[in-house]
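Here's a quick tour for anyone meeting this structure for the first time.

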Amino acid sequence: MSDRPVAVVTGASSGIGAASAAALSRAGFDVVLGARRPDRLAEAAAECGGTPLPLDVTDDASVAAFAAQIDRCDLLVNNAGGAFGLDSVAEADLDDWQRMYDVNVLGTVRVTKALLPRLIASGDGQVITIGSIAAREAYKGGAGYNAAKHAEAALTRVLRLELLGQPVRVCEIDPGMVETEFSLVRFDGDRERADAVYRGMTPLTAADVAESVAWVATRPSHVNVDQLLLMPRDQAAAQIVHRAED
Ligand code: NAP
């Protein structure tokens with residue numbers, strides 16, 4: 001059995017989660033990767049020599065089964081999440097709102113709660129939650145995602161307060177635009193609409209965010225990076241984006 005610290009990354013089958021798993025493996029962690037799509041999860045795990053475990057953060061039984069297979073946890077990266085739709089409040093699809101709350105908020109609580117005893121027992125634990133610029137700023141069409149990411153940020157900040165005095169650090173990393181499968185999922189597989197989000201500008205890559213995750217994770221244990229906002233140079237606010245003329 002290795003004595004490397006163990007990092008658990010949720011939503012690790014693509015995008016920021018897969019890239020974070022790889023960056024953390026390079027930084028000296030043994031990595032456990034959780035997500036729903038088994039093929040993509042196995043691929044991401046093979047790339048970083050990590051352990052893939054099935055996980056649906058919206059399902060109590062799935063989280064319990066996942067946590068039961070993890071003996072040691074030094075770092076939890078709460079990354080599973082996403083947006084569904086870009087409807088106005090007037091046109092709000094309540095099913096989308098429910099799904100966003102379930103995955104981003106309740107999913108994060110569920111996994112954090114399940115692994116917190118292991119994080120405390122490690123003697124030097126850390127929770128890094130991937131929030132969003134949507135947790136800092138309201139934007140048109142963003143209400144459901146804004147509400148979910150604001151709630152996820154609130155729970156992360158409360159956790160920081162509640163764990164004061166325990167050997168567990170808590171950090172919120174809030175990225176702006178990152179080109180992953182995020183927009184494809186948001187627009188229900190509409191490739192043209194997803195590609196248009198990044199047209200004429202240079203977004204962050206998943207690897208850019210993953211480097212921040214690894215940097216936060218490897219600060220000396222007395223240093224708590226509380227919040228980190230990370231955007232591409234071409235983005236100055238949620239919907240203020242510089243795009244090159246065609
Ligand atoms: P992505 O490529 O779509 O990745 C989302 C990941 O979450 C996938 O691995 C997906 O895997 C997993 N996931 C979704 N629902 C899940 C569930 N119920 N249980 C377990 N895993 C689940 O998008 P991404 O950009 O990397 O998103 C990662 C995080 O960054 C999200 O929290 C997102 O809100 C946040 N974020 C993204 C951006 C951006 O512009 N891309 C900006 C700010 C914040 P499965 O489908 O296999 O389960």
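How far from an oxygen atom of the ligand does a polar side-chain atom of Ser 14 lie? The distance is 3.0 Å, and that pair sits in the table with two others that count as polar contacts (N or O atoms within 3.5 Å).

| Protein atom | Ligand atom | Distance |
|---|---|---|
| Ser 14, polar side-chain atom | oxygen | 3.0 Å |
| Arg 37, polar side-chain atom | oxygen | 2.8 Å |
| Val 178, backbone N or O atom | nitrogen | 2.9 Å |

On its own, the ligand has 880 Å² of accessible area, and the protein covers 95% of that (Shrake-Rupley method, 1.4 Å probe).

Bear in mind that this is a predicted model, where local features need pLDDT of at least 70, side-chain atom pairs count only at pLDDT 80 or more, and totals for chains, interfaces and linings use all residues. Residues are numbered from 1 along each chain as its sequence is written, and side-chain values use heavy atoms, with hydrogens and water left out.

Now for helix H2, residues 38–48 (a DSSP run of H or I, at least four residues; strands are runs of E, at least two). Leu 41, Ala 44, Ala 45 and Cys 48 are buried here (under 20% relative accessible area, 1.4 Å probe, protein chains only). Looking down the axis of H2, these buried residues fall within an arc of 100 degrees, so they line one face of the helix (the arc uses directions from the helix axis to the C-beta atoms). Their cover includes helix H1 (15–26), strand S2 (30–35) and strand S3 (51–54), counting contact as heavy atoms within 4.5 Å. Over on the other side of H2, Asp 39, Ala 46 and Glu 47 are exposed (over 50%). Just after H2 comes Gly 49, with a positive phi of about 65 degrees.

Terms used. A polar contact is a pair of N or O atoms within 3.5 Å; within protein, one must be able to donate a hydrogen and the other to accept it, and residues adjacent in sequence count only if both atoms are side-chain atoms.
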